[in-house]
Every structure is written in structure tokens, then in C-alpha cells.
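Please walk me through this structure for someone who is seeing it for the first time.

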Amino acid sequence: MSNAIEQNRLDAQAAAIVEMVGGVPCLAPVQSMTSVSKAVDIGCGTGVATIQIAGMFPSAKVYGLDISPVPEAVQKMAPANAAWAVGNVLDVDYNKPGDDVMNREIFTPGGLGYIFGRMLFLGINDWSRYFSTAYHSLRSGGIIEHQDLDWKFYRVGTSECLSDKWEWHRAVVSGAEQSGLSTHAGSDAAPIMKDAGLEIISVRTFEFSFVPSSKTPNSLAMGRYVQAKLVPHYPELLRKMLGAQGIAGGELARLTKESLRDIASEEGVHQKYTVTIARKP
Ligand SMILES: C[S@@+](CC[C@H](N)C(=O)[O-])C[C@H]1O[C@@H](n2cnc3c(N)ncnc32)[C@H](O)[C@@H]1O
């Protein structure tokens, strides 16, 4: 997490997500989770949610884990019960435990009371492994909260898909699939969690708006964030995703132009954001 602009974008995105899901970062039944002594925020980014979770569970040790280090300024101002670790969650291996902080401290079998993971769809290419690690590391009764996005675009207030007709979108989806990423990291989570042995408590879906609409007031901040901070980032995202498939030059420029037109094509155009909460039996 080296770049200040990216940190600022992630913090703005986190604030918009909180507003979208109803004003709190976590939808898990936190009030009743009184015996949590260890928790982790996987792929914590700038650590914004880690600090909020540390505040919710003041007597627990709360780890913020990410492949890249959390900014030092955040680490300095964090509460004393927050701890920071660098590592890839997919490297946790219960058959061959390594001697790193993930194996020794964070993901010890049956040790975690709460796992939080938000917007990991570009980083996890093996969700079965991810949820199986979650299952092994949770104690019985422990909770996992998964918040993630699907890649399709829909009309406000409906499940009417707009993006199936978009050429650039088909190319992005096929690029993601080629790299092993799921394009349904939100809506596909519940069945994969169940297969891993977890018991689903709730599944809720929200509209991650790209253009603000008064029809979805909780997503207004999201629409504003996307317009101000995500849209400017889109050409670079497309360059990476389409570049990996050999699309460059004039064709990349054309598809990028179409994408910027389509993602702003109507009020309330959105992707579906799903919050899934599950328990280890
Ligand atoms: C889009 S950011 C979201 C950050 C944070 N969860 C939030 O909502 O503010 C995704 C973060 O997940 C991290 N990440 C992706 N894959 C990971 C993995 N396999 N293990 C650990 N961290 C990962 C990335 O480095 C990045 O910081």
C-alpha cells in the first residue's frame, strides 16, 4: 500500500460501503459475540476496518493482514489491541504449516472468533481454499463475514442485467476468468462456504451504484465515490485486465471509451454487493 492516492481511494470506498450497508462496517451480530478473543481482517488494505473492528472488540487481539504493509501512520494511531501482519492468506497450509505469523498466531486451528474480509475479488483466485482456511481457523461458534462484489451491471432497483450486451465487459469477464478470478465473488460465496462446512446465517445484497440515484438513498455516497475516485482509475484497470489478453492500442482505447460511456449510462446503474455471514458449527 505505497501510493497515497490509492490509500485515499480505499478509505473513501470504505466510507461509501459503510453508508451503503446501513451505517456500520460489520453486519455480523457483534453485540452477541462477547467471547471473541482473536479476530482478523483479511486483505485489510489501509487498515480502516481493522481499526473499527478493534474498537468493537476491545478485549480481543485484532489482526489486519495484507500482502502489502499497512501505512505506518495508520499503525501508529491504531488502538493497542490491533496488530498488523504481511502475508497471503492463500499460503496458509494446515498440512505443511510454515513458521510465519499467519501459521503461528493468526490462523491457528480453532483460534479465531471472527473473520472479516471485504472486496477481495481481485486478490483471491481460490475461494474454496479461502473458506476452508476460514473453517479450520475459526473456533466452534466463530463467525465469518464476507463482503464482496459481482462484476455484472444492473438497472436501479432491479436484477435487469445491462452488461451482458457490452463488448468491453465480456472481454473483462473473460480476462478475469482466465486469471482464475471469480466474477461472482459476492453472490457465489454462500454455497462455497457451505461446502467448506460453514453454516450460513444471513445473505444480504446491496446496490453498489456507479451513478447516484435518489431511488437508492443508501447508495448515493457510493455513486458519488465511484464518479469521483473509481471512474478515473478505470482506464488503468482496463489496461491491466484487457492487456493481459493482448488487447492494446486502438482496440483498448475504443473499449475503454465504451466502458466509460456504459458505466455512466443511467442513474443507479450498479453492481451487486453481497454480505454473507456464516458460523462454524
Ligand atoms: C480492494 S482492497 C480492499 C481493502 C479493504 N478490505 C477494504 O475494504 O478497505 C483489497 C486488498 O486485499 C489485499 N489482498 C488481496 N488478495 C490478498 C490475499 N490473497 N491475501 C492477503 N491480502 C490480499 C490487497 O493487497 C488489497 O490491499
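At what angle do α1 and helix α8 (residues 220-230) pack, and how far apart are their axes? Bearing in mind that the model is a predicted one, the reader can start from these two helices, which pack at an angle of about 160 degrees with their axes 8 Å apart. Because an angle over 145 degrees counts as roughly antiparallel, α1 is roughly antiparallel to α8. The crossing of the two helices is left-handed. On the side of α1 the contact is made by Arg9, Ala12, Gln13, Ala16, Glu19 and Met20, while α8 contributes Ala221, Met222, Tyr225 and Lys229. Sorted by class, this contact of α1 with α8 holds six nonpolar residues, one polar residue and three charged ones.

A second pair of helices is formed by α9 (residues 234-243) and α10 (residues 249-262), whose axes lie 10 Å apart and which pack at an angle of about 135 degrees. The two are therefore oblique to each other, and the crossing of α9 and α10 is right-handed. Tyr234, Pro235, Leu238, Arg239 and Leu242 of α9 make the contact with Leu252, Leu255, Thr256, Ser259 and Leu260 of α10. By class, seven residues in the contact of α9 with α10 are nonpolar, two are polar and one is charged.

From the helices we can turn to the strands. Strands of a sheet pair through backbone hydrogen bonds, and they do so either parallel or antiparallel. In this model there is an open sheet of seven strands with mixed pairing, and its order is β3-β2-β1-β4-β5-β7-β6. Its edge strands, each of which pairs on one side only, are β3 (82-86) and β6 (199-209). Neighbouring strands of the sheet are turned against each other by 15 degrees on average, with direction ignored. Within the sheet, strand β1 (residues 38-42) runs parallel to β2 and is joined to it by five bridges; in one example of such pairing, isoleucine 42 has leucine 65 of β2 as its bridge partner.

Terms used
Residues numbered from 1 in each chain as written. Predicted model: local features only at pLDDT ≥ 70, side-chain atom pairs only at ≥ 80, totals over all residues. Pairing = 2+ DSSP bridges. Helix = DSSP H or I, 4+ residues; strand = E, 2+ residues; numbered from the N terminus. Axes fitted to C-alpha atoms, helices over the stretch in contact; angles between N-to-C directions. Parallel < 35°, antiparallel > 145°, perpendicular 65-115°, else oblique. Left-handed = near helix turned anticlockwise from the far one by under 90°. Contact = placed C-beta atoms within 7 Å. Nonpolar A, V, L, I, M, F, W, Y, C, P; charged D, E, K, R; others polar.
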